[in-house]
Amino acid sequence: MISIIDKLKDKRKLTAEEYKALLTTSDPQIVAYLTSQAREVAQGQFGKGIYLRGLIELSNVCRNDCFYCGIRRSNCHVSRYTLTREQVLACCEHGYQIGFRTFVLQGGEWGEERTTWIADLVHDIKQGWPDCAITLSLGEHPLDTYTLWRKAGADRYLLRHETHNASLYKLLHPHEMSHSHRLQCLNWLKESGYQVGTGIMVGAPFQTIGSIVEDISFLIDFQPHMIGLGPFIPQHDTPLGRFPAGTVDMTARLYAILRLAIPQALIPSTTAMATLTPDGRLRGILAGANVVMPNLSPTDTRKMYALYDNKAALGAESVQGVQTLAEELSTIGYHIDWGRGDSPAM
Ligand code: SAH
């Protein structure tokens with residue numbers, strides 16, 4: 001097993017059987033070796049600095065109906081909101097004062113009628129804080145829309161592929177959504193010159209070790225600049241709300257495998273990790289993650305952006321808690337890196 005980990009570090013690729021062995025081993029020493037190797041590679045790339053992204057949850061209005069997501073169209077228990085332009089700019093100003101140099105605008109997927117509004121907003125943020133990177137995470141759109149937003153000043157785009165297995169994709173999404181269109185969008189994003197992030201929910205209902213192996217192979221082929229992986233967490237008003245949550249262990253193991261396979265990738269230790277256990281975020285970092293995305297949204301809308309139950313949005317997970325986060329990081333010998341944190345591959 002140790003030799004498989006060394007091979008992954010060296011060749012950055014394994015056979016399906018070898019990935020399966022790493023994903024299923026219950027030997028804590030093997031897992032410890034895997035994570036220590038990933039940590040070493042992450043530190044070789046980024047030192048012990050952790051990049052921050054200020055997450056602004058733009059809107060919980062969504063045209064999609066993904067079976068796992070708390071803000072899906074059919075969830076009538078959600079009070080819908082959309083931040084105003086002024087509210088978003090106020091979040092950026094607040095974040096900038098604290099030291100943030102990357103803003104992530106995430107939200108439900110809107111129809112194309114709001115495309116110009118987004119482009120104008122991106123333009124205004126770029127005018128106001130030209131030294132900041134802007135990341136969008138607003139779902140699937142036509143190539144023209146991605147190009148327009150890119151021209152307006154967006155630098156990065158996050159769109160998780162969710163799963164690379166077409167049958168599993170169908171079990172998680174309504175029929176009008178397709179795995180092939182999601183991949184088309186990812187290719188359009190690359191074509192438009194974004195730094196692109198993609199990824200999956202770990203432990204999603206019906207997911208198998210085999211499907212995770214397919215995801216790893218896809219990620220290695222696609223070579224994303226950023227990899228977003230978080231454990232699935234049920235939201236009680238969704239069709240998949242009775243399935244068990246994914247685990248911090250499996251997610252951290254995947255951070256480690258992907259860190260060894262794609263050393264330069266920017267990998268956040270995600271909010272879902274911090275939601276499952278208080279030390280989830282640190283465990284992600286110790287497995288090779290190098291980014292944290294504190295919540296910069298106005299406090300009164302945060303609880304309305306409930307993708308899953310009990311989502312962490314306070315303490316070290318929030319912008320108010322940057323000091324707490326810095327202290328947490330220092331307990332494992334890490335610190336905040338206040339840079340823009342562009343992909344070294346750019
Ligand atoms: N609408 C945008 C972004 C918002 S959702 C988009 O489609 O990309 C951002 C991510 O949250 C999704 O890609 C999904 O992987 C994750 N997510 C949604 N529901 C979740 C749940 N119940 N548990 C864990 N992660 C979830």
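## Ligand contacts

A backbone N or O atom of Tyr-68 sits 3.0 Å from a nitrogen atom of the ligand. This comes from a predicted model. Ile-233 also uses its backbone: one of its polar backbone atoms is 2.7 Å from a ligand nitrogen. Arg-182 uses its side chain instead. An N or O atom there lies 3.3 Å from an oxygen atom of the ligand.

How much of the ligand does the protein cover? On its own, the ligand has 550 Å² of accessible area, and the protein covers 92% of that. The surrounding residues number 17. Tyr-68, Gly-107, Arg-160, Glu-162 and Ile-233 are the closest.

Arg-156 has Gln-195 as its bridge partner in S6.

## The three-stranded sheet

A further open sheet has 3 strands in the order S10-S1-S11, again with parallel pairing. Strand S10 (291-292) and strand S11 (335-337) are the edge strands; each has a single partner strand, so one side of each has no neighbour in the sheet. Helix H14 (residues 322-331) packs on this sheet and touches S1, S10 and S11. The direction of H14 makes about 120° with that of S11.

Strand S1 (residues 49-52) pairs with S10 over 2 bridges, in the parallel sense. Tyr-51 has Val-291 as its bridge partner in S10. S1 pairs with S11 in the parallel sense too, over 3 bridges. On that side, Ile-50 stands opposite Ile-336 of S11.

Which residues of S1 point one way, and which the other? Gly-49 and Tyr-51 point one way. Ile-50 and Leu-52 point the other way. All four are buried.

## Thr-25 between two helices

Thr-25 is in the loop that joins helix H2 (16-24) to helix H3 (28-46). Is Thr-25 buried or exposed? Its relative accessibility is 13%. The cut-off for buried is under 20%, so Thr-25 counts as buried.

The side chain of Thr-25 makes a polar contact, reaching the backbone nitrogen of Asp-27 at 3.1 Å. Leaving out residues up to four places away in sequence, Thr-25 touches Met-1, Ile-30, Val-31 and Arg-253.

Methods:
Residues are numbered from 1 along each chain as its sequence is written. This is a predicted model: local features need pLDDT of at least 70, side-chain atom pairs count only at pLDDT 80 or more; totals for chains, interfaces and linings use all residues. Side-chain values use heavy atoms; hydrogens and water are left out. Two strands pair if DSSP finds at least two bridges between them. Contact means heavy atoms within 4.5 Å. Axes are lines fitted to C-alpha atoms, for helices over the stretch in contact, and angles run from 0 to 180 degrees between N-to-C directions. A residue is near a molecule or strand if one of its heavy atoms lies within 4 Å of it. A polar contact is a pair of N or O atoms within 3.5 Å; within protein, one must be able to donate a hydrogen and the other to accept it, and residues adjacent in sequence count only if both atoms are side-chain atoms. Accessible areas come from the Shrake-Rupley method with a 1.4 Å probe; for residues, only the protein chains shown count as cover. Buried means under 20% relative accessible area, exposed over 50%, partly exposed in between (1.4 Å probe, protein chains only).
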